[in-house]
Amino acid sequence: MTATPRITIDPAFVERLILEMAEHGSDGGTGVSRTVYSPEWVEATRLYARRCEEAGLKARMDSVGNVWGKLEGSQPGKSIVSGSHIDSQTPGGRYDGILGALAGLIALKALKEQFGQPKRTLECIAFCEEESSRFPSANFWGSRAITGGTRVDDPEKTIGFGGETIASAMREVGLDPALIPEARRADIDSFVELHIEQGPILEHANLPVAVVTGITGIRHYEIELRGTQNHAGAFPMDLRRDPMAGFAEIASGVVNTAHRWGRPAVSTVGRVHVRPNATAIIPDSVTFTLDARHPDPVLCQKLYETHEAFMREVAKRRNLEISWKIMIDHPACPSDPGLVSTLRGAADTQGVPTMLMASGAGHDSQQMAKIAKVAMIFVRSKDGRSHTPDEFSSIEDIVAGIEVLAAGLYRLAY
Ligand SMILES: [Zn+2]
């Protein structure tokens, strides 16, 4: 590999692409609501393909609705790919997902203009769906199709908030759900995803960009604690089987455990349902959720085991019945160490200061990791905010992130 040269990214071009994309699904002020296979989504995918073509990339939409831009290499071999999702929350902001799709396009355009044809084939991608904002069980619909993670009956079984199937939504925009398997790829070597951080760590560190060491493992529990429903006045404290008392101890205990472990462990009790939920009644049962996450595969399991042992101990000591269901269980997804060091080295060549961090949110990269080496680049989020029209990243930070991406792709492909 030759030394990595300085790569110039035009801030005005970056800003223009972000703003014109935000018009498709514009939801008052800086909000964007662009759900998969909606009319706004169709416009956005057309715009993305057009901008790819203008940049000299070969654009195509695959059978599930992902848009690819391709810069053919002079040598054979698997592709090096960069991108993110084009759909949004309802409403989300102008950056979540789409910024990474545009970053891939902008990086490829800059590399082609400044260094000509690469040795290895480079591709950018706008994944059709990641947010589950129209179909609650669709998450990673685009990247799952690419990695062969879509089951044959998924299109008819994936139902939207409006009652429609994702199969019918696909047909409405001219896609045939039976052809989803054709979106599968087995010729991708590396996948690099640029994304906004969606948290406050970079801002607190006073840095514009991070290289992501891994995506957190996530487990969602739904837990039920059962006791005996009785009169709140007539039943002495020492004779009660009170699931609320057990819940309070468990909720504070699991949160404290993650707090004691320190970053990047996180545990959250986000939803609670009390039965019968009345002032003068010792509850019959308390049902609640626990969201626990850690990016290290070993520590992730240890965090879950610590929580489970604690919950059992509390229930036993308080003479309560406890049971739980695991609703979501995504394993931790470490980045490829070689790609991480390539990106950090690339950042140094562009004079962009970076730090390493783990991602506490899920991303398409964790799907792509099934078929390719993956790593991510995070760009600082103002006040750490995301999944709101208020999310914001400055053009300076975004350009710094795209410089790191482009320099990384240069190192991989030229
Ligand atoms: Zn996202």
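The legends below describe close-up views of a predicted model.

Residue numbers start from 1 in each chain and follow the sequence as written. Because the model is predicted, local features are given only at pLDDT of at least 70 and side-chain atom pairs only at pLDDT 80 or more, while totals for chains, interfaces and linings use all residues.

View 1. The chain is divided into domain 1 (11-215 + 335-413) and domain 2 (217-330), with bounds from an automatic or database domain assignment. Their C-alpha centres are 36 Å apart. Domain 1 gives 6 residues to the contact and domain 2 gives 6 residues, where two residues are in contact if their C-beta atoms, placed from the backbone, lie within 7 Å. On the side of domain 1 that touches domain 2, 2 residues are nonpolar, 4 are polar and none is charged. In this grouping Ala, Val, Leu, Ile, Met, Phe, Trp, Tyr, Cys and Pro are nonpolar, Asp, Glu, Lys and Arg are charged, and the others, Gly among them, are polar.

View 2. Strands (E, at least two residues) and helices (H or I, at least four) are DSSP runs numbered from the N terminus. Strand β2 (residues 67-71) pairs with β1 (residues 58-61) in the antiparallel sense over 4 bridges; pairing requires at least two bridges found by DSSP between the strands. Met61 stands opposite Val67 of β2. The two strands form a hairpin with 5 residues between them, and Gly65 in the turn has a positive phi of about 115 degrees. Strand β4 (residues 122-127) also runs antiparallel to β2, joined to it by 5 bridges, and Ala126 in β4 is the bridge partner of Val67. Of the 5 residues in β2, 4 are buried. A residue is buried if 20 or more other C-beta atoms lie within 10 Å of its own, exposed if 12 or fewer, and partly exposed in between, with C-beta atoms placed from the backbone.

**View 3. Lys58 in strand β1.** Lys58 belongs to strand β1. It counts as exposed because it has 12 C-beta neighbours inside 10 Å. Leaving aside neighbours within four places in sequence, Lys58 is in contact with Gly69 and Lys70. The C-alpha atoms of Lys58 and Asn319 are separated by 66 Å, with the two residues 261 apart along the chain.

**View 4. Helix α9 and its buried side.** The 21 residues of helix α9 (residues 297-317) should span 30 Å at 1.5 Å a residue, and the end C-alpha atoms are 31 Å apart, which agrees; the expected span is 1.5 Å times one less than the number of residues. Cys300, Leu303, Tyr304, His307, Met311, Val314 and Ala315 are buried in α9. These residues lie on the same side of α9 because they cover an arc of only 100 degrees around the axis, the arc being that of the directions from the helix axis to the C-beta atoms. The buried residues of α9 pack against β7 (217-226), α8 (243-261), β9 (266-268), β12 (285-294) and β13 (321-330). The face turned away from the buried side carries exposed residues, including Glu305, Arg312 and Lys316. After α9 comes Asn319, with a positive phi near 60 degrees.

**View 5. Helix α10 and its surroundings.** Helix α10 (residues 337-349) has 13 residues and reaches 19 Å from its first C-alpha to its last, close to the 18 Å expected at 1.5 Å a residue. Its buried residues are Leu339, Val340, Thr342, Leu343, Ala346 and Ala347. An arc of only 160 degrees around the axis covers them, which puts them on the same side of α10. Pro337, Gly338 and Ser341 are exposed on the other side. The buried residues of α10 pack against β5 (188-196), β6 (209-215), β15 (354-359), β16 (373-379) and α12 (395-413). Just after α10, Gly351 has a positive phi of about 70 degrees.

View 6. Arg263 and Pro264 are joined by a cis peptide bond with omega of about 5 degrees; Pro264 lies in the loop between α8 and β9. A cis peptide bond with omega of about 5 degrees also joins Arg275 and Pro276. Phe140, in the loop between β4 and α4, has a positive phi of about 65 degrees although it is not a glycine. Phe140 is buried, with 24 other C-beta atoms within 10 Å.
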